[in-house]
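Me: I have a model open and want to learn how to read its features one at a time. Can we begin with how strands pair up?

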Amino acid sequence: MNIIVCIKQVPNVTKVKWDADGSLIRTGLPTIINPVDKNAVEAALQLKEQHGGKVTVISMGPSQVESALREALCMGVDDVIQLSDRKFAGADTWATSYTLGAAIKKIADFDLVITGVEAMDGNTAQVGPQIAEYLGLPLLSYALGIEVDGKNVRIKQKLGDVSRKLEAAMPALITVEKEINDYRVTPIDKVIDAFDKDIPVWGVDDVPADVVHLGLKGSPTKLRKVYSPKLEKGQVEMLQGTPEEIARQLVDKLNAKFLI
């Protein structure tokens, strides 16, 4: 079984800055693998351990994406590919999905594509479904569990407070929730191997893509305004008394405001 996992490197901060065209300014920001994407990598590795095959991780971004891909190698994936080109820059979810989909088409030999549900710096949950649409794959989203039986794959899908089971023929694309697993701690020997491996970098000339659909120019999403909301300073009331008296006062005040 050959599995492709798409991951994203995201800023590890709560305050970010944007340039005039609405693109995130990433220069100088500490970065991490998008947390739920690590759950996607772990899900792929567990399937490999059960059924054999290999796991390939791809990520699109500037040179610092290499660190995220090396972390994926540390986790135990077999191959990684970095998509990096100035013409990829400024992509919205549609252009990102198009570029990732073009790279997956070039890889060609796969049974599953797995992504995290959404990235913490955008929270759109659009890239996985858009890749599936571009590649013409069945989409199994919000997965809490994955089972492979022959040529079919089944998931337990999260739907709010309930769940259901979905099944599709492979190849298919799955987006996973963070609750699907706890990703593994990297053994030291994997770390050493990860930093000895060369990482291939694919640019615009290496994927079967039309440049008009790439990067900022190929992005139909246009931001009208980006800003950080101002935090209103509220009044604070200190309650006095024993812990029991304070608890009683708090309950009375919440009751008075119909909050409990």
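**Strands and their partners**

Reply: Start with a pair of residues: L139 stands opposite L173 in β10. This is a predicted model, and the pairings below are read from its coordinates. Strands of a sheet pair through backbone hydrogen bonds, either parallel or antiparallel. Here β7 (residues 139–149) and β10 (residues 172–176) run parallel and are joined by three bridges.

Me: In which sense do β7 and β8 run, parallel or antiparallel?

Reply: Antiparallel: six bridges join β7 to β8, which spans residues 152–159.

Me: How do β8 and β9 pair?

Reply: β8 and β9 are antiparallel too, with eight bridges between them. L159 is found opposite V162 in β9.

Me: What is the strand order of the open sheet?

Reply: The nine strands are ordered β9-β8-β7-β10-β6-β1-β4-β5-β11, and the pairing is mixed. The edges are β9 (162–169) and β11 (201–202); each has a single partner strand, so one side of each lacks a neighbour in the sheet. For the whole chain the count is six helices and eleven strands.

**Backbone angles**

Me: What should I look for in the backbone angles?

Reply: Most residues other than glycine have a negative phi, and most peptide bonds are trans. Departures from that pattern deserve a look. The peptide bond from M170 to P171 is cis, with omega near 10°. P171 sits in the loop between β9 and β10.

Me: Where is N123, and what is its phi?

Reply: N123 is in the loop between β6 (112–116) and α4 (127–135). N123 is not a glycine, yet its phi is positive, near 55°. Its relative accessibility is 48%, so N123 counts as partly exposed. A125 belongs to the loop between β6 and α4, and this non-glycine residue has a positive phi of about 60°.

**Charges and salt bridges**

Me: How many salt bridges does the structure hold?

Reply: Side chains of opposite charge can pair when their charged atoms come close. The structure holds 13 such salt bridges. One of them joins the side chains of D121 and K8, at 3.1 Å from N to O. This pair links distant parts of the chain, 113 residues apart: D121 is in the loop between β6 and α4, and K8 in the loop between β1 (2–6) and β2 (9–11). D121 is partly exposed at 25% relative accessible area, and K8 is partly exposed at 31%.

Me: What does the salt bridge between E71 and K38 tie together?

Reply: The closest N and O atoms of E71 and K38 are 2.8 Å apart. E71 lies in helix α2 (residues 65–75) and K38 in helix α1, so the pair ties together parts 33 residues apart in sequence. E71 is partly exposed, with 29% relative accessible area, whereas K38 is buried at 15%.

Me: Which residues are linked with E147 in a network of salt bridges?

Reply: E147, D149, R154 and E167 are linked in that network. The salt bridge between E147 and R154 has its closest N and O atoms 3.4 Å apart. E147 is partly exposed at 45% relative accessible area, and R154 is partly exposed at 27%.

Me: What about a charged residue with no salt bridge, such as D37?

Reply: D37 is buried and has no salt bridge; K8, the nearest side chain of opposite charge, is 8.0 Å away. A salt bridge needs the nitrogen within 4 Å of the carboxyl oxygen. D37 is in helix α1 (residues 35–51). Leaving aside residues up to four places away in sequence, D37 touches C6, I7, K8 and G116.

**The chain as a whole**

Me: How much of the chain counts as buried?

Reply: Of its 260 residues, 39% count as buried. The chain exposes about 15,300 Å², with carbon and sulfur atoms supplying 52% of that area. Its C-alpha atoms fill a box of roughly 70 × 45 × 40 Å along the principal axes.

Me: What share of contacts joins residues at least 24 apart in sequence?

Reply: The share is 70%, counted among contacts between residues at least 6 apart.

Definitions and conventions. Residues numbered from 1 in each chain as written. Predicted model: local features only at pLDDT ≥ 70, side-chain atom pairs only at ≥ 80, totals over all residues. Heavy atoms only, no water. Helix = DSSP H or I, 4+ residues; strand = E, 2+ residues; numbered from the N terminus. Buried < 20%, exposed > 50% of the residue type's maximum accessible area, 1.4 Å probe, protein only. Lys, Arg positive; Asp, Glu negative; His and termini not counted. Contact = heavy atoms within 4.5 Å. Pairing = 2+ DSSP bridges. Areas by Shrake-Rupley, 256 points an atom, 1.4 Å probe, with all protein chains shown as cover.
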